[in-house]
Amino acid sequence: MFNQAAQELTTVRDLLRFAVSRFNDAGLFFGHGSDNAHDEAAYLILHTLNLPLDTLDPYLDAKLLQSEKEEVLSIIERRAVEHIPAAYLTHQAWQGEFDFYVDERVIVPRSFIYELLGDGIRPWIEHDELVHRALDLCTGSGCLAIQMAHHYPDAQIDAVDLSLDALEVAAINIEDYGLEDRISLVHTDLFEGLDDTYDLIVSNPPYVDAESVEALPDEYLHEPELALGSGEDGLDATRQIILQAAKYLNPRGVLLVEIGHNREVLEAAYPELPFTWLETSGGDGFVFLLTREQLLGEE
């Protein structure tokens, strides 16, 4: 079918229709950027043809060179047949207004935490200039560390990950944003070996429970397993963070952690902790905030 398409299709519109049909036929999962076949097809086509990603209509009836068609059809085929997330095919992922280099050494950025930096936690951090030291646990591609550097211009940031592969990708992004002097990459397991204290700690750790890991769509199987699952109930890493975070927070310091769909399980495990659940585009059950004093039971 793809060989036939290369011979008979001529325009961007043709390729867009063909891609949507193939994606729907393949039963793809959309959860790494786009949320539907049309938008994903449009993105892959525009990216491959080096066209503006927000401008499709003027090019719909443009005829393509044979080499251009073959390049577009190749990426459509890989998405449809291999179920590879689009971000790994283009080596580009967006989180808010920021774009990052990604490949299969890191999960595709999709944390809600970036929505909360700055104004989102203003009641707890009154002025951005008060953040002098910050920590990003499980940094992956470095996306949250980079966005923290944007929101907190006076902050020096440590970005920690257990995966050396992930830190190599983070280094690419940090260099792309010119933040080598403000973000330090640290190869360790959560807090192990750290000796600094911080005004803000954020973490988007692994949080998928064992049952859900077994049921993940094929697209997620291309992501590093280390970055997804975290024990039987998905909270192994989160427990360690809660246990140790107070030691690494300055007075009035803030901890911000994303935990997926595990709110009820977490609250049941820690009934004494006054979790604040912050509103995000996904709802109010995905990211919690605790202060150092709350973790220590002092307020």
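Why is strand β7 (residues 249-258) described as largely enclosed by the rest of the structure? In this predicted model, eight of the 10 residues of β7 are buried, so the strand is largely enclosed by the rest of the structure. Buried here means under 20% relative accessible area.

**Partners of β7**
- Strand β6 (residues 198-203) pairs with β7 in the parallel sense, over five bridges.
- Within this pairing, V254 of β7 is the bridge partner of L200.
- Strand β9 (residues 287-291) runs antiparallel to β7, and five bridges join the two.
- Here L256 has L289 in β9 as its bridge partner.

**The sheet**
- Seven strands form an open sheet with mixed pairing, in the order β5-β4-β3-β6-β7-β9-β8.
- Its edge strands, β5 (183-187) and β8 (276-277), each pair on one side only.

**Helices on the sheet**
- Helix α6 (residues 143-151) packs on the sheet and touches β3 (133-137), β4 (156-161), β5 and β6.
- The direction of α6 makes about 160° with that of β3.
- Helix α9 (residues 236-244) also packs on the sheet, where it touches β3, β6, β7 and β9.
- The direction of α9 makes about 170° with that of β7.

Key
Residues numbered from 1 in each chain as written. Predicted model: local features only at pLDDT ≥ 70, side-chain atom pairs only at ≥ 80, totals over all residues. Heavy atoms only, no water. Buried < 20%, exposed > 50% of the residue type's maximum accessible area, 1.4 Å probe, protein only. Helix = DSSP H or I, 4+ residues; strand = E, 2+ residues; numbered from the N terminus. Pairing = 2+ DSSP bridges. Contact = heavy atoms within 4.5 Å. Axes fitted to C-alpha atoms, helices over the stretch in contact; angles between N-to-C directions.
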